[in-house]
Amino acid sequence: MILLPAFAVPAQKADPKPAAPPPPLLSHEVHPDRSVTFRFKDAAATKVELNLEGVAKAIPMAEGKGGIWSYTTQPLAPEIYGYSFLDEGMPRIDPENHVLTENLVYPAGNVLVVPGDTPQLWDETAVPHGTVHVHRIPSKVALGLKANQEEVVVYTPPGYDPHAANPYPVLYLLHGWSGVAEGWTKDQQANFILDNLLAEGKIKPMVVVMPQAYGDMSFVESGWNVWNNPAAIEHNTQLFNSLLTGEVMPFAEGAYNISHDREGRAITGLSMGGLESLYTGLQNTDKFAWIGGFSSAVHSPDFEQHFATLDSKATDLKLLWIACGTEDGLIDANRKAIAFLKAKGMPVTQIETPGLHVSLVWRDNLIHFAPLLFQK
């Protein structure tokens with residue numbers, strides 16, 4: 001028997017466990033009192049600010065450990081807030097929040113919902129829901145559209161009956177500059193607002209038609225300075241008037257069971273859409289008996305030129321409702337437009353509420369405007 005020398009076998013070291021990834025940054029924390037802490041990480045930054053919808057100026061954030069910048073607000077009202085960060089002056093989205101706003105001009109922003117103790121009118125609740133339809137129709141009027149296709153979004157109320165004996169009244173609802181046709185449903189939750197108001201018995205069942213509200217796409221694609229060009233504003237507004245009355249309305253009236261009469265038609269919009277709704281509505285009082293404008297961009301048009309022949313008795317409007325936030329840069333222009341219309345004897349309902357040129361104001365406007373429509 002041969003004995004072999006023994007060799008010591010070194011003990012095997014266990015593979016080290018991989019380091020656990022750091023937890024995701026809690027970038028938008030809503031506290032029980034509805035204050036919100038915002039956080040943004042950039043260890044190399046020397047200045048980070050918060051842009052919060054409803055606040056006029058960017059808010060400085062404080063740097064903490066690990067390059068995490070933070071700011072905690074005062075308790076906020078229940079609302080849907082847009083926000084973004086400024087990192088060394090450059091716009092940045094919140095990488096931990098995947099809910100974004102959509103527009104054609106500005107850098108994307110994030111969306112934060114601050115809930116109330118009870119559901120708000122813009123919340124999705126357990127009530128019957130309408131349906132949002134998206135169409136693309138050929139246009140020979142609008143300039144610069146891709147494949148000459150105009151996008152039209154249509155809301156039909158719950159229980160919509162295409163064969164009902166009485167056609168549904170219709171609201172033409174217009175977005176603002178930089179917005180898109182789906183802006184009223186995606187950013188403002190207009191479909192949920194209408195669902196909830198209808199469930200509460202506060203509005204008539206109505207169809208809502210929301211087109212892409214540009215007569216000429218170059219009006220938005222050329223940038224903000226276009227608002228310093230009265231001729232460009234006039235050109236876009238006139239073209240949209242033709243687009244709406246000549247193409248969008250005939251499409252909607254052919255595809256949906258909606259009113260063809262002025263008493264069953266309303267029009268309103270926000271900012272650029274407010275200008276367009278007032279311009280189109282007042283130029284076509286044979287087509288619209290209910291007209292509104294939210295924070296309307298009426299700082300440029302020559303009202304005397306366009307509406308010199310306005311006659312309150314001949315127009316016989318059921319409603320002319322013009323609203324604006326008192327901190328909005330357009331408040332003076334809206335007051336001047338209202339004064340002109342009142343001098344013509346027009347039955348203006350003037351609404352002023354606290355607020356800037358923001359969605360918080362426009363949602364509130366829709367909540368108060370819609371219940372007035374199509375009432376006897």
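**Helix α9 and its cover.** In this predicted model, helix α9 spans residues 359-369 and is mostly covered, with 9 of its 11 residues buried, where buried means under 20% relative accessible area, exposed over 50% and partly exposed in between (1.4 Å probe, protein chains only). Among the buried residues of α9 are Leu360, Trp362, Leu366 and Phe369. Helices (H or I, at least four residues) and strands (E, at least two) are DSSP runs, numbered from the N terminus. Residues are numbered from 1 along each chain as its sequence is written. Because the model is predicted, local features need pLDDT of at least 70 and side-chain atom pairs count only at pLDDT 80 or more, while totals for chains, interfaces and linings use all residues, and side-chain values use heavy atoms, with hydrogens and water left out.

**The salt bridge of Lys186 and Glu102.** The side chains of Lys186 and Glu102 meet in a salt bridge at 3.7 Å, N to O, the term standing for a side-chain nitrogen of Lys or Arg within 4 Å of a carboxyl oxygen of Asp or Glu. Lys186 lies in helix α1 and Glu102 in the loop between β8 and β9, so the pair ties together parts that are 84 residues apart in sequence. Glu102, Glu182 and Lys186 are linked in a network of salt bridges.

**The salt bridge of Arg265 and Glu253.** Arg265 and Glu253 meet through their side chains in a salt bridge of 2.9 Å, N to O. This pair links Arg265 in strand β14 with Glu253 in helix α4, 12 residues apart. Arg265 is buried, with a relative accessible area of 7%, and Glu253 counts as buried at 18%.
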